[in-house]
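I opened the notebook to look up, one topic at a time, how this chain is put together. My entries follow in the order in which I searched.

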Amino acid sequence: MKMASSRIKYLVIAAVIGVFGYFVLSQRDIDKHFSEIPGHVANFTAINIDGGKTTYQEQKGKVTLITLSASWCPACMAEIPMLKKLHQEYNSQGFKILMVSEDDNVKIAAKFKKKQELPWTVIHWNYDLMNNLGNPGVLPVTYLVNELDSIVQINSGIFDEGAMNRAIRKLLR
């Protein structure tokens, strides 16, 4: 009995180390997914799926989370509840989410926004915008941007909700 509980203890420790290692390595290898890792967000223009065109400068907040997403991406879908919590928690303090849809067309993106009841601005991707953001070859990607338009954090894959909350709170002070 004692030996079995020891084995379980070691298996749990090994699993925790494995998961932690995966997250560390996935973030360390982030540069593999980008043509160039951006440090700053330059203004860009894109189609607002609710109609017309918009710019980054019109949509940004004191703190902005730019998220690259698509309706066909399971990991992107998994982030939606966390994004909604962040929006609800921090929107009144100047935090904005700007979602960049990588769906094939604006119509699909608009359907996705309506079905998911997304309260933030969703824009459709274009080449200038994607080049500005380092043209990552992976989804989802999130960029946490401060009020000076400097990118302070990039996540490729599903972001860590706790770490994101801490980073946003720090920037909103």
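Before looking at any residue I wrote down my scale of exposure: buried means under 20% relative accessible area, exposed means over 50%, and partly exposed lies in between, with a 1.4 Å probe and protein chains only. I also noted that this is a predicted model, in which local features need pLDDT of at least 70 and side-chain atom pairs count only at pLDDT 80 or more, while totals for chains, interfaces and linings use all residues. Residues are numbered from 1 along each chain as its sequence is written, and side-chain values use heavy atoms, with hydrogens and water left out.

**Entry on aromatic pairs.** I took rings of Phe, Tyr and Trp (its six-membered ring) as a pair if their centres lie within 6.5 Å, calling planes under 30 degrees apart stacked, over 60 edge-to-face and the rest tilted. By this rule I found three aromatic pairs. One of them is F44 with Y56, a tilted pair at 5.6 Å centre to centre with 35° between the planes. Here F44 sits in the loop between α1 (2-28) and β1, whereas Y56 belongs to helix α2 (residues 56-59), so that the pair links distant parts of the chain, twelve residues apart; helices (H or I, at least four residues) and strands (E, at least two) are DSSP runs, numbered from the N terminus. Both F44 and Y56 are buried. I also looked up W125 and Y127, which form an edge-to-face pair at 5.0 Å centre to centre, with 90° between the planes. W125 is partly exposed, because its relative accessible area is 26%, and Y127 is exposed, with 62%.

**Entry on the sheet.** I counted two strands as paired if DSSP finds at least two bridges between them. Seven strands form an open sheet of mixed pairing, in the order β2-β1-β5-β4-β3-β6-β7. Because β2 (53-55) and β7 (151-156) stand at the edges with a single partner strand each, one side of each is left without a neighbour in the sheet. Within the sheet, β6 and β7 run antiparallel and are joined by five bridges, with T142 having N155 in β7 as its bridge partner. These two strands form a hairpin with five residues between them, and D149 in the turn has a positive phi of about 70°.

**Entry on N48.** Which strand holds N48? I found N48 in strand β1, which covers residues 45-48 and pairs with β5 (residues 121-124) in the antiparallel sense over two bridges. N48 stands opposite I123 in β5. At 13% relative accessibility, N48 counts as buried. Taking contact as heavy atoms within 4.5 Å, and not counting residues up to four places away in sequence, I listed K53, T54, Q59, T121, V122 and I123 as touched by N48.

**Entry on the disulfide.** In general, a disulfide is a covalent bond between the sulfur atoms of two cysteines, and my search used a cut-off of sulfur atoms within 2.5 Å. Searching the whole structure, I found one disulfide. C73 and C76 form this link, with their sulfur atoms 2.5 Å apart, and the angle of 75° about the S-S bond makes the link right-handed. Both C73 and C76 are buried.
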